[in-house]
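Please report on the structure shown here. Cover the residues of interest, the helix packing and the overall fold.

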Amino acid sequence: METMSTEKPRIYIGRGMHESQFVLIKYTLFWVLLLCSKFAFTFFVTIKPMIKPTKDIMSIRHVQYAWHEFFPNAKNNFGALISLWAPVILVYFMDTQIWYAVFSTLCGGVIGAFDRLGEIWQTW
């Protein structure tokens, strides 16, 4: 029976490959800026404008639905709140991908410009 060893085999390719602290700080800064931008934009553009309508809907006490079979004993307007907030919540979860695409494009462009990526050197 073989014993399990935590030692890497001698042919392990990634031996000795480590990221520098500066690279890790840049990576962390990228994600902190991305998430701060996302949370600030989402709060001020989608969530904050929804607070007053939500309070107004919740202040309605007696609700008469046309389709009473769906809400037979409705005391509050939770159906309207769910239909109001469901798209906001779905967009909230999906927009991280959009923010990542924008941020990675901008960061890649700036880094590529400073590294003179794609520049053609002509020597005569």
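## Ala80

In this predicted model, Ala80 has a relative accessibility of 24% and therefore counts as partly exposed. Ala80 sits in helix α2.

Which residue lies 23 places from Ala80 along the chain, with its C-alpha atom 7.7 Å away? That residue is Ile57.

## Thr54

Thr54 belongs to helix α1, which spans residues 21-59. Is Thr54 buried or partly exposed? Its relative accessibility is 17%, so Thr54 counts as buried. The cut-off that matters here is 20%.

The side chain of Thr54 has a polar partner in the backbone. One of its polar atoms lies 2.7 Å from the backbone oxygen of Met50. Beyond the neighbours within four places in sequence, Thr54 is in contact with Leu81, Leu84 and Trp85.

## Packing of α1 and α2

Two packed helices are described by the angle between their axes and by the distance between those axes. Helix α2 covers residues 78-114. The axes of α1 and α2 are 9 Å apart, and the packing angle is about 160°. Angles over 145 degrees count as roughly antiparallel, and α1 and α2 are therefore roughly antiparallel to each other.

What is the class make-up of the contact of α1 with α2? It has 22 nonpolar residues, six polar residues and two charged residues. The crossing of α1 past α2 is right-handed.

## After α2

Arg116 is found in the segment that follows α2. This residue is not a glycine, yet its phi is positive, at about 55°.

## The protein as a whole

How many helices and strands does the protein have? There are two helices and zero strands. The protein has 124 residues, and 12% of them count as buried.

Sequence separation gives another view of the fold.

Technical notes:
Residues are numbered from 1 along each chain as its sequence is written. This is a predicted model: local features need pLDDT of at least 70, side-chain atom pairs count only at pLDDT 80 or more; totals for chains, interfaces and linings use all residues. Side-chain values use heavy atoms; hydrogens and water are left out. Helices (H or I, at least four residues) and strands (E, at least two) are DSSP runs, numbered from the N terminus. Buried means under 20% relative accessible area, exposed over 50%, partly exposed in between (1.4 Å probe, protein chains only). A polar contact is a pair of N or O atoms within 3.5 Å; within protein, one must be able to donate a hydrogen and the other to accept it, and residues adjacent in sequence count only if both atoms are side-chain atoms. Contact means heavy atoms within 4.5 Å. Axes are lines fitted to C-alpha atoms, for helices over the stretch in contact, and angles run from 0 to 180 degrees between N-to-C directions. Angles under 35 degrees count as roughly parallel, over 145 as roughly antiparallel, 65 to 115 as roughly perpendicular and the rest as oblique. A crossing is left-handed if the near helix is turned anticlockwise from the far one by less than a right angle, and right-handed if clockwise. Ala, Val, Leu, Ile, Met, Phe, Trp, Tyr, Cys and Pro count as nonpolar, Asp, Glu, Lys and Arg as charged, and the others, Gly among them, as polar.
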